[in-house]
Amino acid sequence: MKNGKTRLQRAEDEVLEVKDIMMDNLRKADERSDKLDDLESRAEDLLVKSKTFEKTTQKVKQQKRWENMKMKVVLGGVALTALLIVIGIITYYIVISTRGDE
């Protein structure tokens, strides 16, 4: 009977050991679940922030495009004005030089 009790005691010890291992596994699974929930929350926050960033960059891009277009129009106007002044001066001297020849 002593041999039987020893087997029973070993079986009980093994059951306790398996129980401890399973409880530890459940605790670790619960911790992992919490970490996964945290990661999912952070991923959702990043997604929202990335969409906001994308909208902001589109607005800035459009604003810079308009500023660039305005600058080109202003520079084109200045260049056209300068060209008209040069043409006017050249025409003036041509007219004066042809009057002097008469």
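Asp 37 is found in helix α1, which covers residues 2-101. A helix here is a DSSP run of H or I with at least four residues, and a strand is a run of E with at least two; both are numbered from the N terminus. The model is predicted, so local features need pLDDT of at least 70 and side-chain atom pairs count only at pLDDT 80 or more, while totals for chains, interfaces and linings use all residues. Residues are numbered from 1 along each chain as its sequence is written, and side-chain values use heavy atoms, with hydrogens and water left out.

The protein chain holds 1 helix and 0 strands. Its C-alpha trace spans about 150 × 20 × 5 Å along the principal axes. The radius of gyration of the protein chain is 43 Å, whereas a compact globule of 102 residues would have one near 13 Å. This radius is taken over C-alpha atoms, and the globule rule is 2.2 Å times the number of residues to the power 0.38.

Distances within the chain were also computed. Lys 49 and Lys 28 are 21 residues apart in sequence, and their C-alpha atoms lie 31 Å apart. For Leu 39 and Lys 59, 20 residues apart in sequence, the C-alpha separation is 30 Å. Trp 66 and Thr 56 are 10 residues apart along the chain, with 15 Å between their C-alpha atoms.

Of the 102 residues, 0% count as buried. Buried means under 20% relative accessible area, exposed means over 50%, and partly exposed lies in between (1.4 Å probe, protein chains only). Trp 66 sits in helix α1. Trp 66 is exposed because its relative accessible area is 53%. Lys 49 also has its place in helix α1. Lys 49 counts as exposed because its relative accessibility is 58%. Leu 39, in helix α1, has a relative accessible area of 48% and is therefore partly exposed. Asp 37 has 44% relative accessibility, so Asp 37 counts as partly exposed.

Charge was examined next. The protein chain has 20 positive and 18 negative side chains, and the centres of the two sets lie 3 Å apart. Lys and Arg count as positive, Asp and Glu as negative; His and the chain ends are not counted. Asp 37 belongs to a surface patch of negative charge, together with Asp 30, Asp 34, Glu 40, Glu 44 and Asp 45. Patch residues have over 30% relative accessible area and no salt bridge, and like charges are joined within 9 Å. A salt bridge is a side-chain nitrogen of Lys or Arg within 4 Å of a carboxyl oxygen of Asp or Glu.

Technical notes. Patch = residues over 30% accessible without salt bridge, like charges linked within 9 Å, V, L, I, M, F, W, Y side chains within 5 Å. Areas by Shrake-Rupley, 256 points an atom, 1.4 Å probe, with all protein chains shown as cover. Charge placed at Lys NZ, Arg CZ, Asp CG, Glu CD.
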